[in-house]
Amino acid sequence: MTSATPSPLQRLVILGGGGHAAVVAESAAALGHAVAAVASRERPAAAAPFERIEWLGDPDDPAVAARLDALVAEGARLHAAVGGADLRLRWIARFGSHAFATLVDPTAHVSPSASVGTGTFVAPRATVNARATLGVGTIVNTAAIVEHDCALEACAHIAPAAVLCGAVRVGQGALVGAGAVVLPGVAIGANATVGAGAVVTRSVPQGSTVHGVPARGA
Ligand SMILES: CC(C)(COP(=O)(O)OP(=O)(O)OC[C@H]1O[C@@H](n2cnc3c(N)ncnc32)[C@H](O)[C@@H]1OP(=O)(O)O)[C@@H](O)C(=O)NCCC(=O)NCCS
């Protein structure tokens, strides 16, 4: 875990080339980091912000992974910019959490008493309030709210405009969908999925999917 203090400006390689990666690249640029390259299975669309950024290829290709290791050894940092938790977990395991940069968009609010795991992305206008803890590689997406005393395990994803009320726990790799509300003290199990717009009133078992108001098993 690290605090949310700003890191020195870095050369970044973004892992992933889709829409989420574009949001991450723009936040990185707003923070003053230099986005040096993108590594993704598919070549990113030749559109902003990727049109002049070098494409290295698939990070799961051993030759590309070796190039990424070399860039990290030279001081560059990676950021896993895909929504799928399985890929983020795999890349963090492959390259080591030390290789990853934490990115907190300048328009986000992160409490000084919160802690933010390495490789996490806190997106534009997101809020992370007092004593919340974010594990490695988590995503607090656009305008999402993580209230006081919440605890997110590694690679959890809180989608745009979702709200976690106080002291919610979210297990490793779980997704809380866009605009969902999770009531105080509820636990979302590892690898669970909460559907967009759900209101979660009681704890969700690991690996399960719930949606609706109140949220029920899908
Ligand atoms: C809940 C969810 C995981 C279900 O996905 P799925 O298993 O592929 O479900 P389907 O699309 O086949 O829909 C199955 C049924 O559930 C309904 N449904 C799907 N998502 C729903 C939701 N969020 N709320 C209420 N009902 C939903 C569908 O209308 C459908 O109903 P029907 O059988 O009466 O037609 C998905 O719809 C969802 O909400 N994912 C979160 C997306 C998100 O926020 N991503 C973040 C991106 S940054």
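Reader: How many residue pairs are in polar contact between domain 1 and domain 2?
Author: This is a predicted model, and it has 4 residue pairs in polar contact between domain 1 and domain 2, counting pairs where both residues are at pLDDT 80 or more.

Reader: And how many salt bridges between domain 1 and domain 2?
Author: The count there is 0.

Reader: OK, which elements give two or more residues to the side of domain 1 that touches domain 2?
Author: Those are helix 1 (19-30) and helix 3 (85-95). Helix 1 supplies the largest share, 6 residues.

Reader: Back up a bit, where are the two domains in the numbering?
Author: The domain assignment puts domain 1 at 11-99 and domain 2 at 102-211. Their C-alpha centres are 23 Å apart.

Reader: How many residues are in contact across them?
Author: On the domain 1 side 17 residues are in contact, and they meet 18 residues of domain 2.

Reader: And how much area do they bury between them?
Author: About 1,400 Å², with 71% of it on carbon and sulfur atoms.

Reader: Which residues of domain 1 lose the most area to domain 2?
Author: His79, Arg88 and Leu89 do. Together these three make up 33% of what the domain 1 side buries.

Reader: Switching to the ligand. Which residues are around it?
Author: The residues around the ligand are His157, Ala159, Pro160, Gly177, Ala178, Thr193, Gly195, Ala196, Thr209 and His211.

Reader: What lies 2.7 Å from an oxygen atom of the ligand?
Author: A backbone N or O atom of Ala178. Ala196 also takes part through its backbone, with a polar atom 2.9 Å from a ligand oxygen.

Reader: What about a nitrogen atom of the ligand, which side chain is 3.4 Å from it?
Author: That's His211, through an N or O atom of its side chain.

Reader: Last topic: how many salt bridges does the structure hold?
Author: There are 4. One of them pairs Arg90 with Asp60, and the closest N and O atoms are 2.5 Å apart.

How values were computed. Residues numbered from 1 in each chain as written. Predicted model: local features only at pLDDT ≥ 70, side-chain atom pairs only at ≥ 80, totals over all residues. Heavy atoms only, no water. Domains from an automatic or database assignment. Contact = heavy atoms within 4.5 Å. Buried area = accessible area lost by both parts, 1.4 Å probe. Salt bridge = Lys/Arg side-chain N within 4 Å of Asp/Glu carboxyl O. Polar contact = N/O pair within 3.5 Å; in protein donor to acceptor, adjacent residues only side chain to side chain. Helix = DSSP H or I, 4+ residues; strand = E, 2+ residues; numbered from the N terminus. Near = heavy atom within 4 Å.
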